Amino acid sequence: MAEAATFSARARSRAEKLLGEMTLAQKIGQMVQIEGADGQVPLALRQQVASGAIGSVINEVDPAAIAELQRIAREESPNGIPLLIGRDVIHGFKTVFPIPLGMAASWNPELVEEAARVSAAEAAEQGVNWTFSPMLDVSRDPRWGRIAESFGEDPLLTAEFGTAMVRGYQNGGDRQLISCLKHFVGYGACEAGKDYASTNIPDTELHNVYLPPFLAGVRAGAQSLMPSFSDLNGSPPSGNRWLLRDILRERWGFEGFVISDWASIAQLVVHGVAADDEDAARQSVVAGVNMDMVSGAYAGHLELLVKADVVPVPVVDELVCELLTAKYAAGLFDQAKRRYSFCTPTAEAEDAALRAAQESIVLLKNSDGLLPLAEGASSLCLLGPLADQPDEQLGTWVFDGDVSRSVSLKQALERTEGNQLQYDAVLATSRDRSHSSFAQACQRAEASDVTVLTLGEEAILSGEAHCRADISLPGSQLALAQSLKATGKPLIVVVMAGRPLAIPELAELADALLYVWHPGSMAGPAIADVLFGRVEATGRLPVTLPRSVGQVPIYYAHGKTGKPATPETIVHIDDIDAKAPQTSVGNTSFHLDVDPSPLYPFGFGLSYTKFEFSDFQEVRATPLGGVELSALVRNIGDRPGREVVQLYVRDKVASVTRPVRELKAWQLVTLEAGASEQIRFRLSRDDLSFYNGRETVFEPGGFTAWVGNSSDADLSIELDVR
Ligand code: BGC
């Protein structure tokens, strides 16, 4: 950061020197994080900082309180070591960007890097110097509430967005934050999509799917990392030496520090792998957790454990040295006298949030070119419980979001539509089961040319510990859509949600369907811009939309079964004869009671124009092995547009089963109507390597490659890569 994006040798030698001057108690103090006191600096907190008993404060954002805490640390504590001030700055600070899942729908890492840079600048202005972001948990279960915080189901997409965020947070000059990769590892695979539940992940999947985004984050220079709450194959990561030492430090060379998750050290006792807090503290230190987030286990037990020779001094020394190195490398010692103030969002920040929201919107259906609407040509009826909810549209994890600057769709449309706009929330919340206002809503729809209906989920229905077993539309929202459909007026549905919802009936009846996630502060203007075609529809799904919760987990890169379903083998429950013999169904891999395809596949999204792909070919073998491919992309519609050109690969024969397809690269290509561009992709041997249960290998041979605009792309070529 201030000195380098990664840890400089100078920071390390300064840390070593300082460490040599510290007592055991002072060292352990650096390993302790406690909660702030809501803008206050009460006597107990003052004394703890002054005595050097803590190294970090979480959840304090008041500029004066932070300045005072840092002053005490600098002037009164024994070694004058500044504090890490941690906060969950997840998708914005005052200015709120789309939830990470929404930002991933942009497929635009530059935009996400900018979002992180803006967020860091706003938070740093108030004195925060560390964020617990990005979350790199590959998420394939929409029941899990934290899918909202993820970049979706794909390891490459997750790695690209994660590293973009690390760069954005950590490379912002004197207004930057230390970033934290979380939750190491496999948290997204919690059983039944229920937060904190166990994860059981085979070694091949761990190495091929869940670990790679973290390796990418480490290589990008992230300075901290947080283990997952969920036990992984029986071992909670906060006490898992194999994960935190063997893989993270020894194999990957991570030089940052590990912060536990909230009280996750003490939770080793609840998990039943530690006898008591003392045992938990011992296990976490041995595993390599540098700092205890609020559980008190380190503060309460570590000194005695060292004095009793249970934990060797060098183990503590190294963990503390890593923490001090990070503080030096992040420039905390140099910033000690900085003044902080409440952040006022800038026009530049709002503009970045607007662009991010625009690009996060995915157009899923557009019958008869209903969208974009012509400006001023039709009277609009805006309905639904999420059309005018400036707070709900911000999504989960917005402790500091400035709701007063959040603009709803109603507010945005009022600016342009004036009296032409009819509005009615109809339902108090997305969970409202009443039908009492439906008749009035239908009358309003009938009196207008077009209905825009906003449905989905409020912010509180996704995020940490907010998991759902039923991922259909809550309350009577579907019934409302059905009533409005019966009016015969064109129905544009805007779904605002923190997860992929299973909405097959809604998708069927909507004339146009926009999936907007929780778009943040600038939701209203962004949705309006897409509705009226002031910007093009460019978002693409970063996650599969299921038809039914029973299909979950449903993701495009699933393994190759020995009995794949084909259209000929699929039988529907309604078509099975009474008393049919056991072998009458196809004996292939499908459910009897749901169409086997997803509702919308990963990578999918419509444009207002249309793109065509052709001339897909191998142009040459690259000198170091691997191949270079090229394809022609043509805008065959009558508007300009931007396509996300996606490249997928299948390894045809390998020593272990490999996914049916894997995303290997993508490019954003902007083309005027009628224009075309030859694009090139380079695939190295590394891109085609995988972990086979023992090691990461490249196995030469046949591959199929597809190019197109979703994971269903059908333009393919066969490759022989050596
Ligand atoms: C979450 C983390 C978060 C931490 C601090 C925990 O409950 O799992 O993601 O960073 O709290 O707020």
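How many nonpolar, polar and charged residues does the shell around the ligand have? The shell has seven nonpolar, one polar and five charged residues. Here Ala, Val, Leu, Ile, Met, Phe, Trp, Tyr, Cys and Pro count as nonpolar, Asp, Glu, Lys and Arg as charged, and the others, Gly among them, as polar.

This is a predicted model, in which local features need pLDDT of at least 70, side-chain atom pairs count only at pLDDT 80 or more, and totals for chains, interfaces and linings use all residues. Residues are numbered from 1 along each chain as its sequence is written, and side-chain values use heavy atoms, with hydrogens and water left out.

**Ligand site**

The ligand is surrounded by 13 residues, each with a heavy atom within 4 Å of it. The closest are Asp88, Arg146, Lys182, His183 and Asp261. The table gives polar contacts, meaning pairs of N or O atoms within 3.5 Å.

| Side chain | Ligand atom | Distance |
|---|---|---|
| Asp88 | oxygen | 2.4 Å |
| Lys182 | oxygen | 2.8 Å |
| Glu464 | oxygen | 2.8 Å |

On its own, the ligand has 310 Å² of accessible area, and the protein covers 94% of that. Areas come from the Shrake-Rupley method with a 1.4 Å probe.

**Backbone features**

Most residues other than glycine have a negative phi, and most peptide bonds are trans. Lys182 and His183 are joined by a cis peptide bond, with omega about 0°. His183 belongs to strand S5 (residues 180-184). Strands (E, at least two residues) and helices (H or I, at least four) are DSSP runs, numbered from the N terminus.

A cis bond, omega about 0°, also links Leu371 and Pro372. Pro372 sits in the loop between strand S9 (362-366) and strand S10 (380-383). Asp368 is found in the loop between S9 and S10. Its phi is positive, near 50°.

**Helix pair H6 and H15**

The axes of H6 (residues 109-125) and H15 (residues 347-360) come within 10 Å and cross at roughly 145°. Axes are lines fitted to C-alpha atoms over the stretch in contact, and angles run from 0 to 180 degrees between N-to-C directions. H6 contributes Leu111, Glu114, Arg117, Val118 and Glu122 to the contact, and H15 contributes Glu348, Ala349, Ala352, Arg355, Ala356 and Glu359. Contact means heavy atoms within 4.5 Å. By class, this contact has five nonpolar, no polar and six charged residues.

Definitions and conventions:
Polar contact = N/O pair within 3.5 Å; in protein donor to acceptor, adjacent residues only side chain to side chain.
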